[in-house]
Amino acid sequence: MVDNEGIWARGGSNVEELPDPFAPLPPRRGTAPDVPELEEKPRRRRRWPLVLYAISAVFFATLIWLIVTAPLSRALEPLDDPAILLLSQEGRPIARRGAVKEAPVDVTKLKPVTPAAFVAIEDRRFYRHWGIDPRGIGRAMVANMQAGGVRQGGSTITQQLAKTSFLSSDRSLKRKAQEVIIAFWLEAWLTKEEILSRYLSSVYFGDGVYGLRAASNHYFGREPENLNLAQSAMLAGVVQAPSRLAPTRNLKLAQARGKLVLRAMADTGAVSRSRANGATPARPIHRSSKIPTGTYFADWVSPSARDEFEAEFGEVRVPTTLDADLQRLAVRAVSRAGIGNAQTALVAMRPDGRVVAMVGGKSYKDSPFNRATQARRQPGSAFKLFVYLAALRAGWTPDSKIEDRPITIDGWTPANNDGVYRGEITLREAFARSSNAATVRLSESVGRANVMRAARELGLTTSLPNSPSLALGTAGVSLLELTSAYAAVASGRYPIRARGLPEEESSRRFAGLLRSGGRMDSRRDWAPMLDLLYAAANNGTGKRAALAVPTFGKTGTSQDNRDALFVGFAGNLVVGVWVGRDDDRPLGRNVSGGTTPAQLWRNFMVSALAVDGRAGPQLPEEFRIPEPVQPRRERESPLPEEWTEGADPLRQVIREIEKLFE
């Protein structure tokens, strides 16, 4: 076989002899060989396409985000913070809080004049635009320029729905751009009737009402499906400035605005000119409601009430623990206290923590600051409850002896209020007379850590200073918290949490399983603590509070008589009273825990027990009402108990005279 006839041959020629098909072509005759060309300068790329692409990407990303995450039905949902009507335990309305929003409306079920009124005054081209109205925007700009300020808005109903349902009320270019994007999205996904229905169901109409159904019921006492022409026009006019145009606040202005809406309806052909001119101006119905919108108790319990109940349409009726009769007696007692320009607070609760009356100041209208729950003031000797409880737990008894003599710790020497030191006395007498020297000595003997532990176990959450003055109540506490601690002694278990809402039986059982705390030992500390409190309220500094029934309590007076308190219990009520000044100035030497607060406490309790009854929680069998004891008179101070300052020279003279006869 010849080589050029094998598989390596093409057309009778060996493939190795064929020309390379990929070799460069030879230069043509008369042409110069290839010379490398100079590189051309790259053209500067235009950036505006990138900006356009970025804007488009953001636009479509926003649309995708809305489609995936934004709820179309948000405008049809109830308010996150619905209106609540607080009821006393008897079912009486005591306060109303928040805004009202009723069930949504369907424009296809309304009379034609009702949606036509809103379209005529808010967005005449509503049925012809795609979310924004350039013509309306231009008309508003011209009108505002002529008026020299903002007089008209160019937002469509769709834009207003986008703003109220999805955005904040901030006035910025960013928010306006978001509003336009959402408006396009709403127009793409909803019909005009659905958009208008959502708008009418969520727009604000003043007086704390949202949505057409709530507004028609509030102002006219009828359902929106039954609104007449004049009523529809008035409500459509209110939307522009709800706070200023609400007919219950400015009827003439609301009626004038309603006439403007009627003329707009005639201009758009929604009604005839004669019908618009002949419509009688609407008038809201007269509602006589004496239910306050705010009280001290309502302010305190409302956050818990809102957490307890889910959002609903209309007004949520919330039962509370407040006793309307006891609240009335508390307000009367405070108003008759005769404390001049000072302030006072009173809180009354059951031994289990249910608050039945609360007064946070002399006048809620003048000052809504709640001094029963928000103010943290020094309790003074009312804090001694925890010192003596710690001592009882450590093995002391009411008959144990303690030295009532001056004591100095780290350079600090506490003084008894009356300047008299009685030597060796029982814990009962030291507690009843509220001896500062004996109490500080007892606190140091028992250990401050044990005193703080007793305070914590009985519910005090405030910061407690680790200093000798802790025993005399130098840490600020709220009256509500301090009263709850005394309720723990009244009930024999701890801690007691003050509450304004009733507990359901099932939740009460479940909470009992999880509740941390315990019960007081009836022999070791419960009965002895009742013994001490009885002595203080009947024979000691709080004897002005003593009632015909067994009375337990303790006075408290802070340094320089800035705060005066009495906290105690009788029957089925635990009551705390505070008197002081908001600027923390002294009350004067004639006011102490055993004077005005004790008397105010008694005045309230006398009437309260007559209404509430004298029966209270069962006391431990180990406690017996002590026999009356004649007070010791050989060392009795000749000064009135309420004199707590300014008498040092006279006291020194008395001491010198006593030394002459010893």
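Colleague: What do the numbering and the values rest on?

Modeller: Residues are numbered from 1 along each chain as its sequence is written, and side-chain values use heavy atoms, with hydrogens and water left out. As the model is predicted, local features need pLDDT of at least 70 and side-chain atom pairs count only at pLDDT 80 or more, while totals for chains, interfaces and linings use all residues.

Colleague: What makes a stretch a helix or a strand?

Modeller: Both are DSSP runs, numbered from the N terminus: helices are H or I with at least four residues, and strands are E with at least two.

Colleague: Where does α12 bend?

Modeller: The bend is about 40° at S302, and a proline, P303, follows within four residues. A bend is the angle between axes fitted to the seven residues ending at a residue and the seven starting there.

Colleague: Why is helix α6 (residues 192-202) called largely enclosed?

Modeller: Buried means under 20% relative accessible area, exposed over 50% and partly exposed in between, with a 1.4 Å probe and protein chains only. In α6, 9 of the 11 residues are buried, so the helix is largely enclosed by the rest of the structure. Among them are I195, L196 and Y199.

Colleague: Why are helices α14 (residues 384-393) and α17 (residues 448-457) called roughly perpendicular?

Modeller: Axes are lines fitted to C-alpha atoms, for helices over the stretch in contact, and angles run from 0 to 180 degrees between N-to-C directions. Angles under 35 degrees count as roughly parallel, over 145 as roughly antiparallel, 65 to 115 as roughly perpendicular and the rest as oblique. The axes of α14 and α17 cross at roughly 110° and come within 8 Å; the two helices are therefore roughly perpendicular.

Colleague: What makes α18 (residues 479-491) and α20 (residues 522-538) oblique?

Modeller: Their axes cross at roughly 120°, and the helices are therefore oblique to each other. The contact (heavy atoms within 4.5 Å) includes Y486 of α18 and W526 of α20.

Colleague: How do you know that strands β10 (residues 401-404) and β11 (residues 423-426) pair?

Modeller: Pairing needs at least two DSSP bridges between two strands. Here 4 bridges join β10 to β11, and the strands run antiparallel; I402 has I425 as its bridge partner.
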